[in-house]
Amino acid sequence: MARMKFLCDAERCIECNACVTACKNENEVPWGVNRRRVVTLDDGVPGEKSISVACMHCSDAPCMAVCPVDCFYQTADGLVLHDKDLCIGCGYCFYACPFGAPQYPQKSAFGTRGKMDKCTFCAGGPEADGSEEEFHKYGRNRIAEGKLPLCAEMCSTKALLAGDGDVVADIFRKRVIQRGGRPQTWGWDKAYPE
Amino acid sequence: MNRVPLLLLGCVAALAGCYERVGDVVLHEPHVYKGKADPLIARMEQPGLRERLRERLVAVQAERERGQP
């Protein structure tokens, strides 16, 4: 069975931040929480590259490994979701996540953390599918409606892909062949510059 | 007068106050999710949904061929 994956094509992302806006609007994400962000390398320099980053729904998710109350669960399709009723807002998942995906709304004074909030791949949470409670806690459940995450579906340059990992890989492979080479944005030269 | 039965009765009554219902307690086990079951997991197993998502991915996010609207 294939796994659901995000992939952002750095050669195509134009840093328009429409994915961020679409996510916030679709899921009515509270102020101060960004489930998705656009990160730019060498901003302002010719040849700058941007990618859109959210929860990558890791196969071996570090957030799941460190959660002291085990509020995370993983679906058969690889989506990493969590139960906000179990979350104690400790912040361990935030420190463990290499993408900074878990976010915390400031619910009260003195910087007290609320329940953790993160990208759900538009798959909601453990409440009844499409219920008001689910929407309030986790945002819209587009997967149950047969739709894919809105951030990817509305990407104007089709830089952000989301869905069945095999199909996503096929789409990206065709692009790479068409371009005549593998992009070096995140390649060897970037990791080990001379 | 024999006070033993009365004393025993008093002890039983006192201990009754210490009763704790353990049925509602969820015991923690490392790396075991014990929250609510997500109905989406069962829904994904139904035939058709995965195929619909796959078709939608190809229709919406794949490159358009020349001449395709």
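Mentor: What follows is a close look at one helix pair.
This is a predicted model, in which local features need pLDDT of at least 70, side-chain atom pairs count only at pLDDT 80 or more, and totals for chains, interfaces and linings use all residues. Residues are numbered from 1 along each chain as its sequence is written, chains are lettered from A in the order in which they are written, and side-chain values use heavy atoms, with hydrogens and water left out.
Two packed helices are described by the angle between their axes and the distance between the axes. Here helix 6 of chain A (residues 165-179) packs with helix 3 of chain B (residues 49-61) at an angle of about 25°, and their axes lie 10 Å apart. Helices here are DSSP runs of H or I with at least four residues, numbered from the N terminus, while axes are lines fitted to C-alpha atoms over the stretch in contact, and angles run from 0 to 180 degrees between N-to-C directions. Helix 6 of chain A and helix 3 of chain B are therefore roughly parallel to each other, a term for angles under 35 degrees.
From helix 6 of chain A, the contact (heavy atoms within 4.5 Å) is made by Val167(A), Val168(A), Ile171(A) and Arg175(A), and from helix 3 of chain B by Arg54(B), Leu57(B), Val58(B) and Gln61(B). The residues of this contact divide into five nonpolar, one polar and two charged, where Ala, Val, Leu, Ile, Met, Phe, Trp, Tyr, Cys and Pro count as nonpolar, Asp, Glu, Lys and Arg as charged, and the others, Gly among them, as polar.

How values were computed:
Helix = DSSP H or I, 4+ residues; strand = E, 2+ residues; numbered from the N terminus. Parallel < 35°, antiparallel > 145°, perpendicular 65-115°, else oblique.
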